[in-house]
Amino acid sequence: MKDTTEKFEVVKSEEEWRRILTPEQYHVLREHGTERAGTCALLHEHRTGTFSCAACGQPLFVADRKFESGTGWPSFFAPLEGAIGTSTDRSFFMTRTEAHCSRCGGHLGHVFPDGPPPTGQRYCINGVALNFTPSE
């Protein structure tokens, strides 16, 4: 995980994160990796429910804010209030807005200004960084 001055409610050692996350989850959530486009089952999840952080369980998005962006990653036009933090990502010779869990700091994906109304935002999220709980 990159250095940050932000303090998070859930803090674990890298060894603890490795024990609770799969290798792919660890790579995305803790090392700012990206899963291969089109590989996540949650890309095609259309039931009502809640998407939460795979690292700490914090609810992040509700299903009625998800849309098909055609990018190969689950996309949402708005997170739950206070669930997502952002920072500037200057990797790969470009500047992007990184989205991370506000509770544990886990890297989720990026935010782009090309989403649908009402926000115009596209939260492009690695599916492996999410868990889905369907509504009862």
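**Entry 1: ground rules**

I note that this is a predicted model, where local features need pLDDT of at least 70, side-chain atom pairs count only at pLDDT 80 or more, and totals for chains, interfaces and linings use all residues. Residues are numbered from 1 along each chain as its sequence is written, and side-chain values use heavy atoms, with hydrogens and water left out.

My helices (H or I, at least four residues) and strands (E, at least two) are DSSP runs, numbered from the N terminus.

**Entry 2: the six-strand sheet**

I looked up the sheet with β7 in it. Six strands make an open sheet, ordered β3-β4-β8-β7-β6-β5, and the pairing is antiparallel. The edge strands, β3 (66-67) and β5 (84-89), each pair on one side only. Two strands pair if DSSP finds at least two bridges between them. A reminder to myself: strands of a sheet pair through backbone hydrogen bonds, either parallel or antiparallel.

Next I followed β7 (residues 107-112) and its partners. Strand β6 (residues 96-101) runs antiparallel to β7, and four bridges join them. In that pairing His-100 stands opposite His-107 of β7. The two strands form a hairpin with five residues between them, and Gly-105 in the turn has a positive phi of about 80 degrees.

β8 (residues 122-125) is also antiparallel to β7, again with four bridges. Here Gly-109 stands opposite Ile-125 of β8, and Val-111 has Tyr-123 in β8 as its bridge partner.

Why is β7 largely enclosed by the rest of the structure? I found that five of its six residues are buried. For me, buried means under 20% relative accessible area, exposed means over 50%, and partly exposed is in between (1.4 Å probe, protein chains only).

**Entry 3: the three-strand sheet**

I found an open sheet of three strands, with the order β2-β1-β9 and antiparallel pairing. β2 (59-62) and β9 are at the edges with a single partner strand each, so one side of each has no neighbour in the sheet. From one strand to the next the twist averages 30 degrees, with axes taken as lines fitted to C-alpha atoms (for helices, over the stretch in contact) and angles running from 0 to 180 degrees between N-to-C directions.

β1 and β2 are joined in the antiparallel sense over three bridges. I wrote down one partner pair: Ser-52 goes with Pro-59 in β2.

**Entry 4: helix α2**

Which residues of helix α2 (residues 23-31) are buried? I get Gln-25, Tyr-26, Val-28, Leu-29 and Arg-30. Their cover includes α1 (14-20), β1 (49-53) and β7, counting contact as heavy atoms within 4.5 Å. Just after α2, I see that His-32 takes a positive phi of about 60 degrees.

**Entry 5: Asn-126**

I picked out Asn-126, in the loop between β8 and β9 (130-134). Is Asn-126 buried or exposed? Its relative accessibility is 3%, so Asn-126 counts as buried. Leaving out residues up to four places away in sequence, Asn-126 touches Val-28, Gly-33, Thr-34, Glu-35, Trp-73, His-107, Leu-108 and Gly-109.

For Glu-35 I have a distance too: its backbone nitrogen is 2.9 Å from a polar atom of the Asn-126 side chain. A polar contact is a pair of N or O atoms within 3.5 Å; within protein, one must be able to donate a hydrogen and the other to accept it, and residues adjacent in sequence count only if both atoms are side-chain atoms.

**Entry 6: salt bridges**

How many salt bridges does a search of the whole structure find? I count seven, each being a side-chain nitrogen of Lys or Arg within 4 Å of a carboxyl oxygen of Asp or Glu. I looked at some of them.

- Arg-103 pairs with Glu-9, with the closest N and O atoms 3.6 Å apart. Arg-103 is in the loop between β6 and β7 and Glu-9 in the segment before α1, so the pair ties together parts 94 residues apart in sequence. Arg-103 is partly exposed at 24%, while Glu-9 is exposed at 64%.
- Arg-30 pairs with Glu-14, with the closest N and O atoms 3.4 Å apart. Arg-30 belongs to helix α2 and Glu-14 to helix α1, so this pair ties together parts 16 residues apart in sequence. Arg-30 is buried at 6%; Glu-14 is partly exposed at 30%.
- Glu-45 and Arg-47 meet through their side chains at 2.7 Å, N to O. Glu-45 is buried at 13%, and Arg-47 is partly exposed at 46%.
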